[in-house]
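Hello,

Here is the structure I said I would pass on. My notes follow below.

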Amino acid sequence: MTDYLAEAAVLFEYTQALRRDFHMHPELGFQEIRTAEIVARELNALGLNVQTGVAGTGVVALLEGGKPGPVVLARADMDALPITEETGAPYASQTPGVMHACGHDGHTAILLTVAKLLHAHRAELAGTVKLVFQPAEEGLGGAARMVEAGVLENPRPDVTLALHLWNDQPLGWIGVARGAAMAGAEIFKVKVRGKGGHGAAPHQTHDPILAASQIVNALQTIVSRNIAPLQSAVVSVCTIHGGEAFNIIPQQVELSGTIRTFEPEVREKILERFEIITYGLAETFGCTAEVELTRLTPAVINDAKTAARVEAVARRLFPEASIDASHNVTMGSEDMAFMMEQVPGCFFFVGSANKEKNLDAAHHHPCFDFDEQALPRAAALMAAAIADLLKA
Ligand code: NI
């Protein structure tokens, strides 16, 4: 049997060089021009059928196995974040205000390594590997745009795979949830309109600040009083803006925030309560409310059969690893959900933190960096999982 871990270890310098290059030259969502050029160059060097400019800056390549069989889609995200890096690493971002603070530089380098690993063993594969390099995962809708651009057609994948390096867990940890892996996310925006006036004459006003405060409080009863205690959900009000001066009651207050859920019925319940509470309390205080709810991503729900296969591959590859097959890895969201909603798959996590080396800052933090030993582990697991799914 192919030892993907040993082969990925041999390619470590290749993976690391790519990762550090992407890290030094980060690009925001839909602006991954340089990154996509390097991705296409590496895939073309393997002689793959490469398509560029998919959904803007996306790249898709097909790797044909030696025998016919199913199609496995493997996806990496390429975008960076609008953060100024503070790691002080020799390979730190050279673009002020832009940083790979989520590990997507690693994901892109890992999937290129997977392409190399599987290309060397293509004769043994029964089926096709569709390698998808996606733009704009960080809230800009890259995955949905790729689905619109037809990434799930010609050929249509039978199964989808994606991974995330995970700094909440140490190197050596692998997470393969059997069901829900990441939450679905909504964005809400609320405008509470009242009647402004003098701060010393509140009786002549309908105070939107008072109404908004009651709404913020009451929204916190949704999770605590309407959702079953054993189910998970989040309702967070993250911005509140209103007023200009200490003696003027304003006309309007604006709130925004996010809702996170796993189960569709929990989501429905929260959205229903959200509107009842917001409209009802606004009215109670003589104000009106406008609610705008936007679905950012569905939940990432792993297909149980696919997750069991990935977990079995992980146990074989890493007998020493702590493999976590519990549900609900994080209330964070992932737009891979748009592909997995249509084609069953598995989204797994590879622990990447190393406290001793000071590589354990959280995702999206200006000091975020991970232990690069996670790169060959992740590449080997992805390659071995794909090979397992394409076993003749
Ligand atoms: Ni990410």
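Are Arg19 and Asp369 buried or exposed? Arg19 is buried, and Asp369 is too; buried means under 20% relative accessible area, exposed over 50%, partly exposed in between (1.4 Å probe, protein chains only).

This is a predicted model, where local features need pLDDT of at least 70, side-chain atom pairs count only at pLDDT 80 or more, and totals for chains, interfaces and linings use all residues. Residues are numbered from 1 along each chain as its sequence is written, and side-chain values use heavy atoms, with hydrogens and water left out.

Salt bridges come next. The count is 19, taking a side-chain nitrogen of Lys or Arg within 4 Å of a carboxyl oxygen of Asp or Glu. Arg19 pairs with Asp369 at 2.9 Å, N to O. Arg19 lies in helix α2 (residues 12-24) and Asp369 in the loop between β16 (345-353) and α10 (374-389), so the pair ties together parts 350 residues apart in sequence. Helices (H or I, at least four residues) and strands (E, at least two) are DSSP runs, numbered from the N terminus. Arg19 also meets Glu372, at 3.0 Å, N to O. That pair spans 353 residues. Relative accessibility is 0% for Arg19 and 8% for Glu372.

Now the metal. The protein donors of the nickel ion are Cys102 (SG), His104 (NE2) and His164 (NE2), 2.2 to 2.3 Å away. Donors are N, O and S atoms within 2.8 Å of the metal (3.2 Å for Na, K and Ca); water is not among the atoms, so sites may look incomplete. Cys102 is buried at 7%, and His164 at 3%.

Best wishes
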